[in-house]
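Subject: Structure handover

Hello,

Please find the structure below.

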Amino acid sequence: VAKGIDRKAARADGQVQYLSREEGRALFDRQARELMNMSGEEFLRRYDAGEFDDILDDSDHPHLMHLAMLIPFGR
Amino acid sequence: VKPLQQAVSFVTRDVLIASGREPSAEPHGLTFRGGRPSRLRCDRKLSLRFDHQYTITEALGELGRWKVSTAEYIYELLDEDARRVIAYHWHPVGRSAATWPHVHLPKGTPFDLAQAHAPTGRISIEAVLRFAIQDLGVEPLRRNWREAMAKSEQLFLRQRSWG
């Protein structure tokens with residue numbers, strides 16, 4: 001069983017998947033809607049305007065920094 | 001980014017997804033599929049949130065023509081209700097004022113440190129996963145995880161440009 005686990009884990013090595021720009025934007029939009037109840041486009045607009053600056057890395061709002069980290073998918 | 005996929009494969013079969021592989025002034029993103037945390041094998045029902053940004057720049061070193069550098073990271077261990085158990089952050093660019101590597105601790109410590117950004121050195125994903133396995137009861141997916149993880153971490157330590 002352990003060897004089987006090792007083989008399955010090994011198959012996962014190096015299989016990073018690269019998203020197209022459209023796929024990345026769709027992922028970002030889904031996460032923004034799911035976590036912040038707003039579109040990805042709205043999150044980016046409000047982020048760029050500095051609306052979240054005071055609470056961006058606040059432990060009471062952990063989704064904000066997560067979404068900020070996903071911005072490369074969303075732009 | 002392949003070493004990062006290899007590192008997370010010590011504790012999960014979930015695959016990382018990336019936003020690009022072209023040289024760019026703007027960083028690329030790397031996260032688990034769907035942008036969601038990955039559930040770990042653990043009685044405590046922990047999951048791992050892995051958000052990572054990297055840049056690809058031309059390099060003239062002995063390691064090859066291109067250099068992949070970490071731009072920012074968030075490595076978080078979450079409980080079954082997606083609350084942070086511990087969160088290692090480094091986001092030196094962007095809009096956060098906390099630009100140094102730091103850790104977020106959960107509520108319930110003698111002082112309320114939940115809103116603090118307790119400084120750390122730069123943390124490798126391997127160090128976070130070793131902590132999760134040794135101290136939090138996460139089950140590794142490989143019998144030889146100690147040796148393989150040490151090898152993976154040595155590669156990171158040799159190639160990192162700071163910290």
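Of the 75 residues in chain A, 44% count as buried (buried means under 20% relative accessible area, exposed over 50%, and partly exposed in between, with a 1.4 Å probe and protein chains only). This is a predicted model, in which local features need pLDDT of at least 70 and side-chain atom pairs count only at pLDDT 80 or more, while totals for chains, interfaces and linings use all residues. Residues are numbered from 1 along each chain as its sequence is written, chains are lettered from A and ligands numbered from 1 in the order in which they are written, and side-chain values use heavy atoms, leaving out hydrogens and water.

Chain A

The secondary structure here comes to 5 helices and 1 strand, in the order α-β-α-α-α-α along the sequence. Helices (H or I, at least four residues) and strands (E, at least two) are DSSP runs, numbered from the N terminus.

The axes of helix 2 (residues 21-36) and helix 4 (residues 62-69) of chain A come within 11 Å and cross at roughly 175°. Axes are lines fitted to C-alpha atoms, for helices over the stretch in contact, and angles run from 0 to 180 degrees between N-to-C directions. Helix 2 of chain A is therefore roughly antiparallel to helix 4 of chain A (over 145 degrees; under 35 is roughly parallel, 65 to 115 roughly perpendicular, and the rest oblique).

Asn37(A) lies in the loop between helix 2 and helix 3 (40-48) of chain A. Asn37(A) has a positive phi of about 55° although it is not a glycine, and it is exposed, with a relative accessible area of 73%.

Aromatic rings

Over all chains there are 7 aromatic pairs. Rings of Phe, Tyr and Trp (its six-membered ring) pair if their centres lie within 6.5 Å; planes under 30 degrees apart count as stacked, over 60 as edge-to-face and the rest as tilted. The rings of Tyr73(B) and Tyr75(B) have centres 4.6 Å apart and planes at 5°, so this pair is stacked. Both Tyr73(B) and Tyr75(B) are buried.

Regards
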